[in-house]
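Biologist: Hello! I am new to protein models, and I would like to learn how to read one. Could you take me through it feature by feature?

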Amino acid sequence: MKNKFSFFIVGIGLAILLTACGSSGGQSAADDEVITIWANNINVPVLEKAAEIYKKDHPDFKVDIIETGGQDIKSKTTTGLQAGGKGLPDGMLQTDDELQGKLEAFPGAFANLSELGYDEFKNDFPDFKLEAGSKDGNIYAMPFDTGPAAVFYRTDIFAEAGVNPDDIKTWDDFVEAGGKVKEATGKAMLSFDQADANQYTIMLNQQGEGYFDENNNLTVGSEASVNALEVLKGLHEKDALLGVTGWDAWVTSIANSDTASVIAGGWLVGTIKQQALDTEGNWGLMPLPAHEEGGSRSSVQGGSSFVIPSTGNQVQETYDFLSWFTTSVKAQEIAMEGGLFPTYAPVFESEMFDAEEPFFGNQKIWRFLADEMDKIPTIIYTKNDPIARDEIVKAQGEALNGKSPDEAMQQAKKNIENRMK
């Protein structure tokens, strides 16, 4: 659905004239001057507000931000790339975990941003974001939002159970605390979407592993992968794990105070504030527990970047706008106001990051999340990740139904290998 705000007006007389002249393809010559960008839900008003600012210094700039659902962006992008770029916009958001697969499957489909000058911003973004959208030393995606992971916990439920979050250093500590929470309050320690692999993936990534390594070798079945699954099984054995199905059910479990904690990227701040109004003041953020004493406590969930199809008519104009948008402190502050966590390092000096957040007990949550950025390991994404995620979901279910984490992982490994043949 196109946004209500528009920066252009095409005169009826001009449209008639162009039609008479035989313009084809359903787009007039005047329309060729309008940049089109696909973005989903919360990103649309952010881009619109930023475009208003950009237009002040670029009065001839015209853009149409087209609201497109996340799944629609994925499917339409693939369809368009398979058709040689037909039907694609001038620019579009892509989730980071999808980028490498598309870069590998469709070489040359996206504009080489290094050649357009984006390398000058390399030092302003963390390695894990740049790597997600780069190939063979060249940048093909402009980093935008990201999701440094954290444990979002209910301070009131923890207090009722006598659990001190500062005492939780490892996942074993977390599981033990989960048993106390269940016994004292009857509530789950952790709610997760059992139809997805997000919780597992966060705990895998914090150990510096993805589903595949830099040589495209499958890592499922490794010690790190078993470690991640053991956490979920440990919570389940203490009856402290609440498995729900789908986003809506997960958010409902948060809003209804059915769980003492959830684990997600920083973007969850906005969701909690919007959907769990009755819980204001009873939230806190803490780092992920480590898998072993002194181990990594940082990971990431979610994040997206902008790409420019190389077949577009306005590659340079699109690049000029999106490169400004992704490297403008003001634009990134607008993104934060919209509930998104930015990636551009200079914005972390904004006063917004040191503001106390009343909803989260006056904790400086934005500064906490910003401090996590340099600690997040770089993860390899591949075109076969969707297959691996699908099998991990099955492995989760098997482990929670009695199979050992190691057995479940080894079976998942075999299934993935068979599906990749």
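**Reading the model step by step**

Modeller: Gladly! Let us start with Phe 321, which has its place in helix H13. Helices (DSSP runs of H or I, at least four residues) and strands (runs of E, at least two) are numbered from the N terminus. This is a predicted model, where local features need pLDDT of at least 70 and side-chain atom pairs count only at pLDDT 80 or more, while totals for chains, interfaces and linings use all residues. Residues are numbered from 1 along each chain as its sequence is written, and side-chain values use heavy atoms, with hydrogens and water left out.

Biologist: Is Phe 321 buried or exposed?

Modeller: Buried means under 20% relative accessible area, exposed over 50%, and partly exposed in between, with a 1.4 Å probe and protein chains only. Phe 321 has a relative accessible area of 0%, so it is buried.

Biologist: Now the strands. Which way do the side chains point in a strand?

Modeller: In a regular strand they alternate between the two faces of the sheet. Take strand S1, residues 35-39. Ile 35, Ile 37 and Ala 39 point one way, Thr 36 and Trp 38 point the other way, and all are buried.

Biologist: Which strand does S1 join through 5 bridges?

Modeller: Two strands pair if DSSP finds at least two bridges between them. The 5 bridges link S1 to strand S2 (residues 63-67), and these strands run parallel. Between them the chain passes through helix H2 (residues 43-57), making a right-handed β-α-β crossover. Right-handed means that, with the strands pointing away from the viewer, the path from the first strand over the helix to the second runs clockwise. Thr 36 has Asp 64 in S2 as its bridge partner. S1 also runs parallel to strand S3 (residues 91-95), joined by 2 bridges, and there Trp 38 is partnered by Met 92.

Biologist: How many bridges join S3 to S11?

Modeller: There are 4, and S3 and S11 run antiparallel; one partner pair is Thr 95 with Ser 304 in S11. S6 is likewise antiparallel to S11, with 4 bridges, and Pro 148 stands opposite Val 300 in S11. Strand S11 (residues 300-307) has 7 of its 8 residues buried, so the rest of the structure largely encloses it.

Biologist: What describes a pair of aromatic rings?

Modeller: The distance of the centres and the angle of the planes. Rings of Phe, Tyr and Trp (its six-membered ring) pair if their centres lie within 6.5 Å; planes under 30 degrees apart are stacked, over 60 edge-to-face, and the rest tilted. This rule gives 24 aromatic pairs here. Phe 144 and Phe 325 have ring centres 5.2 Å apart and planes at 50°, so they form a tilted pair. Phe 144 is in strand S6 (residues 142-154) and Phe 325 in helix H13 (residues 315-326), so the pair ties together parts 181 residues apart in sequence. Both Phe 144 and Phe 325 are buried. One aromatic cluster includes Phe 144, Phe 321 and Phe 325.

Biologist: Which residue has its charged end over the ring of Trp 283?

Modeller: A charge sits over a ring if NZ of Lys or CZ of Arg is within 6 Å of the ring centre and within 35 degrees of the ring normal. Here the charged end belongs to Arg 154, 5.7 Å from the centre of the Trp 283 ring.
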